[in-house]
Amino acid sequence: MDINFSKEDEEFRREVSTWLNENIPDFWKGIRLQPFGEVPEEDDVVEFLKEWQATLFDAGWAAITWPSEYGGRDANVVQRMILDEEMVKHRAPPSLNMGGISQLGPVLIAAGTKAQKERFLMPMLRGEELWCQGFSEPGAGSDLASLRTVAGDKGDHFLVNGQKVWTSMPARYADWCYALVRTDKDAPKHKGISYLLIDMKSPGITVRPLKNITGSVEFNEVFFDDVKVSKENIVGELNQGWKVANMNLEHERLSLGLAFNLYNKRWLDDLIVMTRKMKRKGRPVVENPRIRQKIAQSYIEVEIGRLNGIRSLSGMLKKGRPGPESSMSRLWSSVVNQRMMELAMEIQGPYSQVDRGSTQSIEDGFWQYAYVRSKAHTIAAGTSEVQKNIIAERILGLPRG
Ligand SMILES: Cc1cc2nc3c(=O)[nH]c(=O)nc-3n(C[C@H](O)[C@H](O)[C@H](O)COP(=O)(O)OP(=O)(O)OC[C@H]3O[C@@H](n4cnc5c(N)ncnc54)[C@H](O)[C@@H]3O)c2cc1C
């Protein structure tokens, strides 16, 4: 594993940084949107984020590791990491199409038909079509292969019936959904699943919003009632969707883990700034030796996450796909984030109970939101227990429990 950046990489970093300094619009600097889970309520913010996606695409930053024929620039994953680092450091607007670009895009490139690549990749990168993920169901989360949404064979098309849940943010305004559906009820459960692209504007789809503990309408239930889907929209082979789903999940875990790592670093910097401003019993909190030790511990944990992220990316460079190691990034970064947010609450002391909107709140409740939202980080993209099972069985080679 090489963790040094080359001269070309450093030059690339300067190029990204200059571009971001010149192109992040003033409009964005007045908006405070949490990067995880907070859904923009205002239409003008949604429109702005779509335009930002198009701006990234026009400048060649939308998906730099993709082949240039699909809108990327054939960059290596180290450059992708540099780009992501700079985006977070410059507080650039987040992508509304994260699931599409970081999960479905690589899946289509590896397993999609020529027609699917031509039809879907460019509009995804330009932010013209937003994607949501329809995997989980009320009875199928960790045990995803138990899913019961059915796609019945009707000759040249399927009729989809069933329910998805936890469908994250863009479902409310998503144009398309990459979903797992059962196409053979009689086969063993992992062998009767297909990976299907469903137009969210189709008749028969109902989206019901769910508000979570942060107060944000982050999730949705999605109901399918005789929804017609062309057979051309299967990715990979019929009934072989489990393999495609696993590839998708590896990309999801890696991209989420890397994103948490980057934000953990920025949040630790912000947490230190907050600590310097806080006083308790007339004394600066930053002078408290116990708090100082906890901040140092958090710094060590963030740095471990960063190095692990580089190791995952190095592995991906060699193998061409993330592999089970992506579970390490996803597991560690979410645990580090939860510990850091608990520390933020400890640093604020009694003020930790004052939320957004109060004149007494610290930084308008930023840390309260981040603390509550951190609880979801060890669940999303597979719970910590599921990640540990993957690490035990597929990396350490331990017997199945
Ligand atoms: C922020 C967030 C965003 C999400 N976005 C989406 C989305 O866009 N699309 C989508 O399809 N889904 C999404 N999900 C759903 C997510 O993938 C599931 O919540 C997750 O896989 C867990 O499934 P579950 O909620 O059904 O819990 P369950 O599977 O019922 O798990 C309950 C508990 O049992 C434990 N458990 C289960 N099986 C095992 C086992 N074999 N060994 C040890 N422990 C076990 C779990 O770790 C957990 O603690 C999202 C979830 C969150 C929190």
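Q: Which helices and strands each supply at least two residues of the shell around the ligand?
A: Helices (H or I, at least four residues) and strands (E, at least two) are DSSP runs, numbered from the N terminus. Here β3 (157-167), α10 (366-377) and α11 (384-395) each contribute at least two residues to the shell around the ligand. This is a predicted model, in which local features need pLDDT of at least 70 and side-chain atom pairs count only at pLDDT 80 or more, while totals for chains, interfaces and linings use all residues. Residues are numbered from 1 along each chain as its sequence is written, and side-chain values use heavy atoms, with hydrogens and water left out.

Q: Which residues around the ligand come nearest?
A: A residue is near a molecule if one of its heavy atoms lies within 4 Å of it. There are 18 residues around the ligand, and S136, S142, S168, T383 and E385 come nearest.

Q: How do the residues of the shell divide into nonpolar, polar and charged?
A: Ala, Val, Leu, Ile, Met, Phe, Trp, Tyr, Cys and Pro count as nonpolar, Asp, Glu, Lys and Arg as charged, and the others, Gly among them, as polar. In this shell six residues are nonpolar, nine polar and three charged.

Q: What area does the ligand expose when taken alone, and what share does the protein bury?
A: Accessible areas come from the Shrake-Rupley method with a 1.4 Å probe; for residues, only the protein chains shown count as cover. Alone, the ligand exposes 980 Å², of which the protein buries 67%.

Q: How many aromatic pairs does the structure hold?
A: Rings of Phe, Tyr and Trp (its six-membered ring) pair if their centres lie within 6.5 Å; planes under 30 degrees apart count as stacked, over 60 as edge-to-face and the rest as tilted. The structure holds 19 such pairs. In one of them, F120 and W131, the ring centres are 5.4 Å apart and the planes stand at 80°, so the pair is edge-to-face. F120 is in helix α6 (residues 114-125) and W131 in strand β1 (residues 131-134), eleven residues apart.

Q: Are F120 and W131 buried or exposed?
A: Buried means under 20% relative accessible area, exposed over 50%, partly exposed in between (1.4 Å probe, protein chains only). Both F120 and W131 are buried.

Q: Why is the pair of F135 and Y195 edge-to-face?
A: Its planes are at 75°, with ring centres 6.1 Å apart, so the pair counts as edge-to-face. F135 sits in the loop between β1 and β2 (150-153) and Y195 in strand β5 (residues 193-199), so the pair ties together parts 60 residues apart in sequence. F135 and Y195 are buried.

Q: Which residues do ring pairs link into a cluster?
A: The cluster consists of F36, F260, Y263, W267, F366 and W367.

Q: What is phi at N239 and at D364?
A: Most residues other than glycine have a negative phi. N239, not a glycine, has a positive phi of about 70°. N239 lies in the loop between β8 (234-235) and α7 (241-277), and at 16% relative accessibility it counts as buried. For D364, also a residue other than glycine, phi is positive and near 50°. D364 is in the loop between α9 (326-348) and α10, and at 40% relative accessibility it is partly exposed.

Q: What does the side chain of Q338 reach?
A: Q338 belongs to helix α9 and is buried, with a relative accessible area of 16%. Its side chain reaches the backbone oxygen of S374 at 2.9 Å.

Definitions and conventions: A polar contact is a pair of N or O atoms within 3.5 Å; within protein, one must be able to donate a hydrogen and the other to accept it, and residues adjacent in sequence count only if both atoms are side-chain atoms.
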